[in-house]
Amino acid sequence: MARETGILADSAIASLFEQGRLLSEGPLDDDQIQPASLDLRLGARAFRVRASFMPGPGHLVADKLDRLKLHVIDLSEGAVLETGCVYIVPLMESLDLPPSMSASANPKSSTGRLDIFTRVITDRAQEFDKIPAGYRGPLYLEISPRTFPIIVRRGSRLSQIRFRIGHALLTETEVLELHRTETLVASDTPNVSGAGIALSIDLKGTGPDGLIGYRGKHHTAVVDVDRKGAHGIYDFWEPLYSRGADELILDPDEFYILVSREAVHVPPLFAAEMTPFDPLVGEFRVHYAGFFDPGFGHAQAGGTGSRAVLEVRSHEVPFILEHSQIVGRLVYEHMMERPKGLYGLGVGSNYQAQGLKLSKHFRG
């Protein structure tokens, strides 16, 4: 039986389109609706702007663009977005939410693994990636590639949105009970605080060479965000090895792909999100593509042993990470109902049963 509060599942998201609560410039892609989220698609134009901005109460994004844009880029045939620049792109989807429904956005997993910083903006917004209940209007995506220049085009999908009614977050007590019955992380002594369950870092490495992660190279070729397996790993990434040290020094302004020590499980009636930065664990940011769909790591969906891949940046100063150090926390929310499709089962999932894994764009 469906709950009265929680995260909307795939069938309810499809109903939003039928009801005119979700609108789009064109028909949906076949795999655009995920078990607990909707992929958002870029529109036909990108605006290069001087700086990131917040519209603020009473202001439209379009008005700010008129003042701050440097030039307009046509995305219809594809275009390169350069590192260190800020772009605003109107999205193909827009909203007319009912008063009881709010939403939140997050970069897609592949977006985070490419170190593409994205944030959804609404008219009159006072927060990024937060869509207030009852919002009616367009959606925009701020895009800032950090490590690799990228090629995008109309219809490219860099961000995703979740819809919720009422309060959906599990309390600390509920998280502990769910872990007892469903094993949320592969730990006999879970660290639960502030309703979040901790994940730690694996720096012992995998395989005979002790691979622990990758560091992004500078001055590379472009990454086409719509092409799977099109790029060689070593043209863009430097492999990192443990060499028995069980620690890693994070250099400022470098981007790392690492992996959690624990396997992660999101049961079918729940959705999860990793909090992007916890100042209690150190001066670095972990995992800013944070949505975990129902069925991630679920045995019946082929997800046994699924780890959380972590996108890591150090702030300002070098920082030493040590094996098994806590680097982030997962929070869980109730689904309103079980999705028709689970992560890993016929919904275009790329990272089920993953260990240390780069984005889908790389081969080898």
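Okay, let's start with a term: two strands pair if DSSP finds at least two bridges between them. Strands themselves (E, at least two residues) and helices (H or I, at least four) are DSSP runs, numbered from the N terminus. With that in hand, strand E16, residues 211-216, pairs with E21 in the antiparallel sense over two bridges.

Before going on, some housekeeping. This is a predicted model, where local features need pLDDT of at least 70 and side-chain atom pairs count only at pLDDT 80 or more, while totals for chains, interfaces and linings use all residues. Residues are numbered from 1 along each chain as its sequence is written, and side-chain values use heavy atoms, with hydrogens and water left out.

So, the overall picture. The protein has 28 strands and four helices. Its radius of gyration (taken over C-alpha atoms) is 20 Å, close to the 21 Å from the globule rule (2.2 Å times the number of residues to the power 0.38) for 364 residues, so the protein is as compact as a globular protein of that length. The C-alpha trace spans about 55 × 55 × 35 Å along the principal axes. Of the 364 residues, 57% count as buried, where buried means under 20% relative accessible area, exposed over 50%, and partly exposed in between, using a 1.4 Å probe and protein chains only. As for contacts (heavy atoms within 4.5 Å), take those with a separation of 6 or more: residues 24 or more positions apart account for 80% of them.

Back to E21, which covers residues 255-263. Eight of its nine residues are buried, so this strand is largely enclosed by the rest of the structure. What does E21 pair with besides E16? Six bridges join E21 to strand E25, residues 307-314, and those two run antiparallel. Look at Tyr256 in E21: Arg215 stands opposite Tyr256, and Tyr256 also stands opposite Val312 in E25.

Arg215 has something else going on. Its side chain meets that of Asp251 in a salt bridge at 3.7 Å, N to O; by salt bridge I mean a side-chain nitrogen of Lys or Arg within 4 Å of a carboxyl oxygen of Asp or Glu. Arg215 is in strand E16 and Asp251 in the loop between E20 and E21, so the pair ties together parts 36 residues apart in sequence. Arg215 counts as buried, at 17% relative accessibility, whereas Asp251 is partly exposed at 31%.

How many salt bridges are there in the structure? The structure holds 20. Let me pick out Arg157, in strand E13. Arg157 bridges to Asp31, with the closest N and O atoms 2.9 Å apart. That pair links distant parts of the chain, since Asp31 sits in the loop between strand E2 and strand E3, 126 residues apart from Arg157. Arg157 also forms a salt bridge with Asp39, at 2.7 Å between the closest N and O atoms. Asp39 is in strand E3, so this pair ties together parts that are 118 residues apart in sequence. Is Asp39 buried or exposed? Asp39 is buried, with a relative accessible area of 1%, while Asp31 is partly exposed at 34%. These residues belong to a network of salt bridges linking Asp29, Asp31, Asp39, Arg41, Glu93, Lys108 and Arg157.

Glu273, in strand E22 (residues 270-274), is buried yet has no salt bridge; the nearest side chain of opposite charge (Lys and Arg count as positive, Asp and Glu as negative, with His and the chain ends not counted) is Arg162, 4.9 Å away. What does the side chain of Glu273 make a polar contact with? The side chain of Asn106, at 3.0 Å. A polar contact here is a pair of N or O atoms within 3.5 Å; within protein, one must be able to donate a hydrogen and the other to accept it, and residues adjacent in sequence count only if both atoms are side-chain atoms. Leaving aside neighbours within four places in sequence, Glu273 is in contact with Asn106, Gly290, Phe291, Arg329, Leu330 and Val331.

Three strands form an open sheet in the order E6-E12-E17, with mixed pairing. Strands E6 and E17 are the edges, each pairing on one side only. Three bridges join E6 to E12, and these two run antiparallel; Val80 stands opposite Ile151 in E12.
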